[in-house]
Amino acid sequence: MIRNETSSKIKGYAKIKFLNSKGDITHTTKCFVNDRAYLNPGQAGVFEYFTLPKNFEGVIDFDVEFIEN
């Protein structure tokens with residue numbers, strides 16, 4: 001989930017980086033948060049991403065960044 005910690009409405013997408021044990025990025029993707037709808041101040045919204053099992057090989061962590069647009 002992504003939570004809006006600002007005082008205004010926001011919308012955007014989540015940029016997901018798949019990381020291996022060395023911190024290398026093995027796969028990246030982006031997906032819309034809250035199905036492209038605005039999040040009100042204090043409100044949280046979900047994002048969903050489906051991928052092939054091979055994209056998880058060696059992945060031990062994720063870095064998720066919200067990009068407002």
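## A loop residue with positive phi

Asn34 sits in the loop that connects β3 with β4 (44-45); strands here are DSSP runs of E with at least two residues, helices are DSSP runs of H or I with at least four residues, and both are numbered from the N terminus. The model is a predicted one, in which local features need pLDDT of at least 70 and side-chain atom pairs count only at pLDDT 80 or more, while totals for chains, interfaces and linings use all residues. Residues are numbered from 1 along each chain as its sequence is written, and side-chain values use heavy atoms, with hydrogens and water left out.

Although Asn34 is not a glycine, its phi is positive, at about 55°. Its relative accessible area is 25%, so Asn34 is classed as partly exposed; this class lies between buried (under 20% relative accessible area) and exposed (over 50%), with a 1.4 Å probe and protein chains only. Arg36 also belongs to the loop between β3 and β4. Arg36, again not a glycine, has a positive phi of about 75°. Because its relative accessibility is 53%, Arg36 counts as exposed.

## Overall architecture

The protein contains 5 strands and 0 helices, and its elements follow the order β-β-β-β-β from the N terminus on. Along the principal axes, the C-alpha atoms occupy a box of roughly 40 × 20 × 15 Å. Of the 69 residues in the protein, 25% are buried.

Among contacts in the protein with a separation of 6 or more, 67% involve residues 24 or more positions apart, where contact means heavy atoms within 4.5 Å.

Strand β3 covers residues 25-32 and runs antiparallel to β2, to which it is joined by 7 bridges. Strands are taken to pair if DSSP finds at least two bridges between them.

Thr29 is a residue of strand β3. With 16% relative accessibility, Thr29 counts as buried. Apart from residues up to four places away in sequence, Thr29 touches Ala14, Lys15, Ile16, Phe18 and Tyr49.

## The nonpolar core

The largest nonpolar core is built from 9 residues, namely Ile2, Ile10, Ala14, Ile16, Phe18, Cys31, Val33, Leu39 and Val59. Strand β2 (residues 12-19) supplies the largest share of this core, 3 residues. A core of this kind is a set of buried Ala, Val, Leu, Ile, Met, Phe, Trp, Tyr and Cys residues joined through side-chain atoms within 4.5 Å.

Ile10 is one of these core residues. Once neighbours within four places in sequence are set aside, Ile10 is in contact with Asn4, Ala37, Tyr38, Leu39, Phe66 and Glu68.

## The salt bridge and the surface patch

Side chains of opposite charge can pair when their charged atoms come close. The structure holds 1 salt bridge, a term that requires a side-chain nitrogen of Lys or Arg within 4 Å of a carboxyl oxygen of Asp or Glu. The bridge is made by the side chains of Asp63 and Lys17, at 3.9 Å from N to O. Distant parts of the chain are linked by this pair, since Asp63 lies in strand β5 and Lys17 in strand β2, 46 residues apart. Asp63 is partly exposed, with a relative accessible area of 33%.

Strand β5 (residues 61-68) also carries Val64. Val64 is partly exposed, at 40% relative accessibility. Together with Phe56 and Phe62, Val64 makes a nonpolar surface patch of about 260 Å². Patches consist of residues with over 30% relative accessible area and no salt bridge; like charges are joined within 9 Å, and nonpolar side chains (Val, Leu, Ile, Met, Phe, Trp, Tyr) within 5 Å.

## The segment after β5

Asn69 is placed in the segment after β5. Its relative accessible area of 53% is why Asn69 is exposed. The C-alpha atom of Asn69 is 4.9 Å from that of Gly12, although 57 residues separate the two along the chain. With residues up to four places away in sequence not counted, Asn69 touches Lys11, Gly12 and Tyr13.

How values were computed:
Accessible areas come from the Shrake-Rupley method with a 1.4 Å probe; for residues, only the protein chains shown count as cover.
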